[in-house]
Amino acid sequence: MLYRNILLVIHIAAVGAWFGANIVQAIVPGLIGPESAAASAWFRVTEKMAKSLYIPAGVTILVTGILLVLNSEVYGFGTMFVSIGFLAVIVGAVLGSVVFGPRSRAIADALDSGDVTLANRLRANTGGFGVLDTLIVLFTIFAMVAKLGV
């Protein structure tokens, strides 16, 4: 029971880091504005967050999730909420590597070159993916709490 609780706390904390970082990334760019000197730096930091925050959080979520299932006598890998969790981590990894990292770099480059129009276009498009990722995480939290499929 203690082992399970420790795993669960670590699992929830990692999900909280992912969800919280998404919320911060949704709010901060609007606060600093595209013409601000801080805007380019923000998007460079956003790109680096993949390696410093999102990858460690995703790996932690994945490993603790697997260990929680292996330690469970009730839930298995075929349980719906467990499958939803795995899918969320996969979608998050794909979005991070294909959308968020490259787009953050492109936005920062556009801002550095003075092309605010391109930066705004990229930001608008990327924001939709950010909303999608955040909604997936939020739905996954709901699925875990409600134990969908059980």
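The axes of α3 and α4 come within 9 Å and cross at roughly 165 degrees, where axes are lines fitted to C-alpha atoms, for helices over the stretch in contact, and angles run from 0 to 180 degrees between N-to-C directions. That makes α3 roughly antiparallel to α4, a label applied to angles over 145 degrees, with those under 35 counted as roughly parallel, 65 to 115 as roughly perpendicular and the rest as oblique. The crossing of α3 with α4 is left-handed, a term used if the near helix is turned anticlockwise from the far one by less than a right angle, with right-handed used if clockwise. By class, 19 nonpolar, six polar and three charged residues form the contact of α3 with α4; contact means heavy atoms within 4.5 Å, while Ala, Val, Leu, Ile, Met, Phe, Trp, Tyr, Cys and Pro count as nonpolar, Asp, Glu, Lys and Arg as charged, and the others, Gly among them, as polar.

The model is predicted, with local features requiring pLDDT of at least 70 and side-chain atom pairs counting only at pLDDT 80 or more, whereas totals for chains, interfaces and linings use all residues. Residues are numbered from 1 along each chain as its sequence is written, and side-chain values use heavy atoms, with hydrogens and water left out.

The chain contains four helices and zero strands, these being DSSP runs numbered from the N terminus (helices, H or I, at least four residues; strands, E, at least two). Its C-alpha trace spans about 60 × 25 × 25 Å along the principal axes. Of the 150 residues in the chain, 34% are buried, where buried means under 20% relative accessible area, exposed over 50% and partly exposed in between (1.4 Å probe, protein chains only). Among contacts between residues at least 6 apart in sequence, 73% join residues at least 24 apart.

The 31 residues of helix α1 should span 45 Å at 1.5 Å a residue, and the end C-alpha atoms of α1 lie 44 Å apart, which agrees; the expected span is 1.5 Å times one less than the number of residues. The buried residues of α1, including Leu-7, His-11, Trp-18 and Gln-25, pack against α2 (37-70), α3 (80-112) and α4. The axes of α1 (residues 2-32) and α4 (residues 116-146) come within 10 Å and cross at roughly 150 degrees. That makes α1 roughly antiparallel to α4, and the crossing of these helices is left-handed. On the α1 side, the residues that meet α4 are Val-15, Trp-18, Phe-19, Asn-22, Ile-23, Pro-29 and Gly-30, and their partners in α4 are Arg-123, Asp-133, Thr-134, Val-137, Leu-138 and Ile-141. By class, this contact of α1 with α4 has eight nonpolar, three polar and two charged residues.

Trp-42, found in helix α2, is buried, with a relative accessible area of 16%. Leaving aside its neighbours within four places in sequence, Trp-42 is in contact with Val-24, Gln-25, Val-28, Pro-29 and Ile-32. The C-alpha atoms of Trp-42 and Ile-107, which are 65 residues apart along the chain, are separated by 9.9 Å.

Two backbone positions have a positive phi. Just after α1, Gly-33 takes a positive phi of about 75 degrees. Lys-147, in the segment after α4, has a positive phi of about 50 degrees although it is not a glycine, and Lys-147 is partly exposed, with a relative accessible area of 31%. Most residues other than glycine have a negative phi.
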